[in-house]
Amino acid sequence: MGKFLNNSNAYLNYQRMVKDTFFVDKTKMLEELLPSIGQSNRWLCFTRPRRFGKSVMANMVAAYFGDACDSHEIFDQLEISKSAKYQEHLNKHHVLYIDFSRTPLDCKSYHQYMVAIRDGILEDIEHYFPETQLKQSESPWDALEKTGQTFFFVLDEWDAVFHMSFMTEQDKNDHLLFLKNLLKDQAYVDLAYMTGVLPIAKYSSGSELNMFMEYSMIGSKRFSGYFGFSDQEVDRLYEIYRENTEKAAFTRQELRLWYDGYYNALDERLYNPRSVVCALINNQLGNYWTSSGPYDEVFHYIKNNTDDVREDMALMVSGERIPAKAQEYAATAQELNTKNQIYSAMVVYGLLTYCDGEVLIPNKELMDKFDELLMEKQELGYVHQLAQRSETMLKATLAGDTDTMAEIMELAHNTESPILRCNSEVELAAVVNLVYLAARDKYHVKREEKAGKGFADFIFYPYKQGRDCLVLELKTGAGPEAAIQQIKEKQYALNFTKDTRYTGRVLLVGIGYEPKTKKHSCKVEVLRKEACGE
């Protein structure tokens, strides 16, 4: 078995994936790759955020096309077996597979990293094609050409090395040059299948990798359905979960709330695959997002562009969408000096999603990460202060302490930040989301929720049975009494009073705001007086 050429690791990895309880069959993608083999468009790059199945798909491609192992036992049972060309390419090609996220032991430089890759390729060629009689100083591309054979290249996480601590700007340029020499205009390339997070179109400023057709989440409709889980796929996984779990800990709707909400280029909603599978395996909803490296770098740009970004952050955390021109920038590619560049990088890394000219926070899992940002980063000024007071705001509301509630709302006007001036109900709603930030640990907070005879401004659905239920209405230019009267007249609390799952008190919360005086007034009325089951 070779280190890179005709290596069986991809086969073994994909074999294990297929046997997993929550496996999703994406092998139809293989059929879409077939027309590119040996053609002028044979260089394909798929960029997606982490945890969207890039490595799974790379293993699938190598296991299907590669001749290292007989993979009939895997693919005969999957969708690709229905293709008329299924047998034509199954295990018929030499595959050179490189996972660029793997480093040699104690690797301290790009030179050391690349020597290991170069030497591994040369050793493989000498093993499988001894007639080539390689020289000691042979380059991988010259050696591959000497074989007289054609190859499939599966290059996973092409950009992973860019985030390693030893990399310099010159190293990054050298890495692009290596990929160019290995792949560009080489007759031995039958197909190049490459994955990564960073968009090569924006990173490679010259012509190094311009032979690639790049397929990203936000810019390319082709192949959109193969990365991320669709609603239908998660429906099937949830049924498997219910069948195999003695006591299911969450509903299908809760799974949607936590992990749905990304969009692809077809404006189709997607789930984060790894988080969904982790939740199903563990029988526990939670934050399976891990933040490190480039993700922290993006938040660095947020911190250092506070004046430009803070107001939009407040709106996005409140559930609003922000107009943006999303391009495929990356934090390691260049300085991010504008909001569009920052938001575009956040889309690339999966921190935001993009749909119809707007960016938004996709789901509760990511919303929790932004909550942490607002709670921890003092650089965000009064947005941070309001978030810090959110626990007090929730306690005051449950206790009917309207003076404290009004005092916290008044904090919004101790700043020059336009979003916190509450000149419209949209802005006021953003402030309400911030001051009730801590409530998200206990409640599913729904904005503009259909209820009774209309749409309530906010409904707080408790996660735990017996906990208080809240219906909140805002009024600009009127008092809180008018807000509560509207809740009653339009029966906004009907979602709670008619549903036996909600057994705690039902609290009607009215918040009034007078623009001329910049004064808030609050009122809490108990509609149903059952004791709160905390």
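Which exposed residues does the face of H1 turned away from its buried side carry? In this predicted model, in which residues are numbered from 1 along each chain as its sequence is written, local features need pLDDT of at least 70 and side-chain atom pairs count only at pLDDT 80 or more, whereas totals for chains, interfaces and linings use all residues. Side-chain values use heavy atoms, with hydrogens and water left out. Helices (H or I, at least four residues) and strands (E, at least two) are DSSP runs, numbered from the N terminus.

Helix H1 spans residues 9-19, and Ala10, Tyr11, Tyr14, Gln15 and Val18 are buried in this helix. These residues lie on the same side of H1, because they cover an arc of only 130° around the axis, the arc being that of the directions from the helix axis to the C-beta atoms. The face turned away from this buried side carries the exposed residues Arg16 and Lys19. Here buried means under 20% relative accessible area, exposed over 50%, and partly exposed in between (1.4 Å probe, protein chains only). The cover over the buried residues of H1 includes H3, helix H4 (72-75) and E2, where contact means heavy atoms within 4.5 Å.

Five strands form an open sheet in the order E2-E3-E4-E1-E5, with parallel pairing; two strands pair if DSSP finds at least two bridges between them. Strands E2 (94-99) and E5 (213-216) stand at the edges, each with a single partner strand, so one side of each is left without a neighbour in the sheet. On average, neighbouring strands of this sheet are turned by 15° against each other, direction ignored. Strand E3 (residues 151-156) runs parallel to strand E4 (residues 189-196) and is joined to it by 5 bridges, and Leu155 stands opposite Met194 in E4. Helix H3 (residues 54-65) lies across strand E1 (43-47), E2, E3 and E4, running at about 165° to E3; axes are lines fitted to C-alpha atoms, for helices over the stretch in contact, and angles run from 0 to 180 degrees between N-to-C directions.

The largest nonpolar core has 62 residues, of which Tyr343, Leu352, Val359, Phe370, Tyr436 and Leu472 touch the most other members. Such a core is a set of buried Ala, Val, Leu, Ile, Met, Phe, Trp, Tyr and Cys residues joined through side-chain atoms within 4.5 Å. Helix H20 (residues 425-435) contributes the largest share of this core, 7 residues. A second, separate core of 45 residues includes Met114, Trp158, Val189 and Phe212.
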